[in-house]
Amino acid sequence: MSTHEFALAASEHGSDALFYIGPAPVTSAVVGLWAVMAFILLLAWLVTRRLEMVPNSRLQNVLELAIEGLHSWTSRIMGPERAWRYLPIPATFFLFILISNYSGLIPILPHLPWYVPPTSHWGVTAGLAVFVFLFVQYTAVKETRGAYYKHLFDPPLLTPLMLPLGIIEELVRPFSLSLRLFANIFAGETALSVMIGIVAAIPFLLPLPIFVTALEMVAGFVQALIFTTLTAVYVGAASEHHH
Amino acid sequence: MISSIGLFAAVGIFSLALSAIGGATAQGRTASAAFDAVARQPEAAGNVQSALILSLAFIESLTLFVFAMIFILAGRVTG
């Protein structure tokens with residue numbers, strides 16, 4: 001592979017079409033998205049098949065622990081009441097991002113031509129971030145009748161200065177939110193594949209990819225938590241009633 | 001005679017190293033301040049820890065923005 005081909009492959013990581021459904025190209029990132037979705041649906045079906053008041057199955061226990069942990073985490077940001085109301089969105093994001101991040105650490109999976117961990121593809125994280133942006137605007141209008149936008153005019157004297165800054169800040173959010181997640185996971189995948197290449201040449205350096213994998217396990221969890229937390233912070237700010 | 005790809009690679013590596021220095025310094029300061037706070041008030045460890053993770057991720061993302069930009073621009077330079 002020439003330098004040119006490598007750079008092109010890196011910049012369009014996971015974006016060449018595998019096949020077409022009508023006019024829509026299906027890329028390996030989309031297939032990865034389907035795989036993660038199927039896994040989460042299977043998990044949800046397995047858990048909710050036999051729900052019990054006092055959970056007997058191990059799986060139900062684990063997921064109840066996860067949901068309660070996420071609830072206590074988000075209620076630190078927006079209070080327990082609103083945390084229950086808005087929990088489905090941050091919790092879904094957390095589960096999806098975590099499973100997607102960890103799917104990149106399964107040794108063979110990311111090197112298959114038809115699979116890319118969805119969150120290592122900018123298109124996927126950008127989609128998530130745009131949804132967060134739109135949901136924040138929807139919440140601000142529906143819950144507080146636009147009172148959220150008052151912060152744009154906060155010091156009345158400085159409005160001509162602060163209004164453009166506030167609008168830019170609001171519009172930059174989806175960029176930073178999506179770029180942070182994508183860059184972290186993509187950097188991890190790249191570092192891992194480089195390390196594996198080094199081990200193929202010098203087998204003596206085997207601990208190197210193991211160390212990177214351990215680092216990526218922490219980073220994958222933290223990035224999922226960051227995305228969830230920031231979603232909760234934005235939604236919490238948009239739905240806050242000022243008295 | 002330096003090719004544009006070679007120049008881009010040199011500049012890219014250098015800017016990544018520069019942003020890594022900045023990020024490492026900032027993360028070190030953040031972590032040391034957090035540990036100071038925990039040492040002073042061990043009962044606040046939980047709150048400090050969650051704030052620490054959040055701020056470390058914010059700092060780290062700046063370095064990774066540079067990394068992502070290099071990859072995205074690499075396709076333009078060589079393409």
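**A walk through chains A and B**

Along its sequence, chain A runs in the pattern α-β-β-α-α-α-α-α-α, where helices (H or I, at least four residues) and strands (E, at least two) are DSSP runs, numbered from the N terminus. This is a predicted model, in which local features need pLDDT of at least 70 and side-chain atom pairs count only at pLDDT 80 or more, while totals for chains, interfaces and linings use all residues. Residues are numbered from 1 along each chain as its sequence is written, chains are lettered from A and ligands numbered from 1 in the order in which they are written, and side-chain values use heavy atoms, with hydrogens and water left out.

Let us begin with chain A. It holds 7 helices and 2 strands, and its C-alpha atoms fill a box of roughly 65 × 55 × 45 Å along the principal axes.

Follow α6(A) to A:Val172 and you will find a bend of about 35°, with a proline, A:Pro174, following within four residues. The bend is the angle between axes fitted to the seven residues ending at a residue and the seven starting there.

Next come the salt bridges (a side-chain nitrogen of Lys or Arg within 4 Å of a carboxyl oxygen of Asp or Glu). Over all chains the count is 3. One of them joins A:Arg85 to A:Glu143, whose closest N and O atoms are 3.1 Å apart. Because A:Arg85 lies in helix α3 (residues 58–86) of chain A and A:Glu143 in helix α5 (residues 122–144) of chain A, the pair ties together parts 58 residues apart in sequence.

Finally, turn to where the chains meet. The contact (heavy atoms within 4.5 Å) takes 23 residues from chain A and 21 residues from chain B. Across this interface the rule finds 0 salt bridges. On the side of chain B that touches chain A, the largest share, 19 residues, comes from helix α2 (residues 45–78) of chain B.
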